[in-house]
Amino acid sequence: MRMSIDAMRRDFDMGSLRKRDANADPIEQFRKWFDEALTANKGEWFEPNAMTLATVDPSGMPDARIVLMKSFDQRGFVFYTNYRSTKGQQLEEHPYATLVFYWPALERQVKILGGVSKVSEEQSDEYFLSRPKGSQLGAMASEQSKPIANRKVLESELETLEDLFADREIERPEEWGGYCVKPVKIEFWQGRTNRLHDRLLYSQDEQGAWSIQRISP
């Protein structure tokens, strides 16, 4: 018998998040949680670097999709895409975004808000060259977000590129590269019983200093 959607619920009891235990640096706190998410990996399907990327279109309509974080440090959180894609055009028009990580095995979420800028061409080149050849060719074959007649169009373009670059190194297309989300707010969420979740919000001031505040669930 199928369960009613409104009856689907679970309690959260795997941990807590106390202000006195949190790192004063939110990037280091993220690093700790990310390392724990890697350890908690329960199968090959689980990608702890998967994150929701939320943007807005020129009219203010929210848009979101899942992308993969490829690096992070004190400068921000980096992902790669086609600059001419829908998200690329939205970020060109409105260079701000929100990222959300969800790690159900640990009953944790992290939300990151900040400005977005392109990474250097050198960094994009380095990452592109590290990708499998099939992924490199896929990035060239797809005019991301553009309408196509059918899948055969993509497969035919890929076959052409495979022949063309069979014995040649592939250079990064100029329309493909990385973005860095530089955070100004980072919220750490730990599920707790009775929906009284722990939420710590880090906010950065104009001088770059971080403060931490507990907020109500």
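Which charged end sits over the ring of Tyr83?

**View 1. A charge over a ring.** The charged end of Lys118 lies 4.1 Å from the centre of the Tyr83 ring, over its face. The criterion: NZ of Lys or CZ of Arg within 6 Å of the ring centre and within 35 degrees of the ring normal. This is a predicted model, in which local features need pLDDT of at least 70, side-chain atom pairs need pLDDT 80 or more, and totals for chains, interfaces and linings use all residues. Residues are numbered from 1 along each chain as its sequence is written, and side-chain values use heavy atoms, without hydrogens and water.

**View 2. Aromatic pair Trp33–Phe188.** The rings are edge-to-face, 5.3 Å centre to centre, with 90° between the planes. Rings of Phe, Tyr and Trp (its six-membered ring) pair if their centres lie within 6.5 Å; planes under 30 degrees apart are stacked, over 60 edge-to-face, the rest tilted. Trp33 belongs to helix α1 and Phe188 to strand β7, 155 residues apart; helices (H or I, at least four residues) and strands (E, at least two) are DSSP runs, numbered from the N terminus. Both Trp33 and Phe188 are buried (under 20% relative accessible area; exposed is over 50%, partly exposed in between; 1.4 Å probe, protein chains only).

**View 3. Aromatic pair Tyr80–Tyr127.** The ring centres are 4.2 Å apart and the planes at 20°, so the pair is stacked. Tyr80 sits in strand β4, Tyr127 in helix α3 (residues 121-130), 47 residues apart. Tyr80 has 13% relative accessibility and counts as buried.

**View 4. An aromatic cluster.** Phe30, Phe34, Phe72, Phe77, Phe101 and Trp103 make up one cluster.
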